[in-house]
Amino acid sequence: MGYGITLVSDLVVRKNAKLSTRASFERLRAICMHFMRNPDPTVVPILDFQLLSEPESQYGWFEYQYDMVRLGMLSHSEKNLIGHMNSYRRERWETESYVVEGRKNFPILYDFISAIKLQGRYFDLHEGNVLKDDQERYLLIDLEGFYSAEPLDHPSNSWITR
């Protein structure tokens, strides 16, 4: 599966990763806990979050894992639409032929990507970070994409409940 992703069961995948600072780790833990307590219709359901190890000094890595619902892959055409929507500024979507055609063929995906961009809180949007569930709903994976350089208590992170 790659990228630190392993299959736990037919229904669950696990991501193992690491971050180098306590602030980054605490922010990601808060994001995971937020989505566990407050499921979001645009984000894969998060089932568990665990700290695996933390550095003994100021240098080292915070290793962690989170479990999420296993989702289905996108078609090549769906991935292309996401790539094209990312390639152009929103103002050009109405004139770029591939985006216009993609909107006709995949209106739900078009609306999903548009909504994610409008929210402005996910910063790693690309065709590898969107999958769909068994009801054909599009969902974001890779919660590290919610990363913000601002401290956790900054107003831009007010959507994260703690």
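**Helix packing and a pocket: a quick chat**

Trainee: Where do I start with H2 and H4, and how do their axes cross?
Mentor: This is a predicted model, so keep that in mind as we go. Helix H2 covers residues 76-87 and helix H4 covers residues 107-119; their axes come within 10 Å and cross at roughly 35°.

Trainee: Is that crossing left-handed or right-handed?
Mentor: Right-handed, as H2 passes H4.

Trainee: Which residues in H2 and H4 meet?
Mentor: On the H2 side you'll find Glu78, Leu81, Ile82, Met85 and Asn86. They meet Leu109, Tyr110, Ile113, Ser114 and Lys117 of H4. Sorted by class, that contact has six nonpolar, two polar and two charged residues.

Trainee: Nice. What about H2 and H3, at what angle do they pack?
Mentor: About 130°, with the axes 9 Å apart; helix H3 is residues 97-105. Because of that angle, H2 counts as oblique to H3.

Trainee: And is the crossing of H2 and H3 left-handed or right-handed?
Mentor: Left-handed for H2 and H3.

Trainee: Which residues in H2 meet H3?
Mentor: Ser77, Asn80, Leu81, His84 and Met85 do, and their partners in H3 are Tyr98, Val99, Gly102 and Arg103. By class, the contact of H2 with H3 has four nonpolar, four polar and one charged residues. Look at Leu81 and Met85 on screen: they are listed in the contact with H4 and also in the contact with H3.

Trainee: Changing topic: how much space lies in the second largest pocket?
Mentor: About 200 Å³.

Trainee: How many residues line that pocket, and which lie nearest its centre?
Mentor: The lining has 13 residues, and Asp40, Val43, Pro45, Arg137 and Leu139 are the ones nearest the centre.

Trainee: What classes make up the lining?
Mentor: Ten nonpolar and three charged residues, with no polar ones.

Notes: Residues are numbered from 1 along each chain as its sequence is written. This is a predicted model: local features need pLDDT of at least 70, side-chain atom pairs count only at pLDDT 80 or more; totals for chains, interfaces and linings use all residues. Side-chain values use heavy atoms; hydrogens and water are left out. On a 1 Å grid over the protein atoms alone, a cavity is a set of points where a 1.4 Å probe fits but cannot get out, and a pocket is an open set with protein on both sides within 12 Å along at least five of seven lines; lining residues have an atom within 4 Å of a point. Grid points are joined across faces, edges and corners, and a volume is the space filled by probe spheres set on the points. Ala, Val, Leu, Ile, Met, Phe, Trp, Tyr, Cys and Pro count as nonpolar, Asp, Glu, Lys and Arg as charged, and the others, Gly among them, as polar. Axes are lines fitted to C-alpha atoms, for helices over the stretch in contact, and angles run from 0 to 180 degrees between N-to-C directions. Helices (H or I, at least four residues) and strands (E, at least two) are DSSP runs, numbered from the N terminus. A crossing is left-handed if the near helix is turned anticlockwise from the far one by less than a right angle, and right-handed if clockwise. Contact means heavy atoms within 4.5 Å. Angles under 35 degrees count as roughly parallel, over 145 as roughly antiparallel, 65 to 115 as roughly perpendicular and the rest as oblique.
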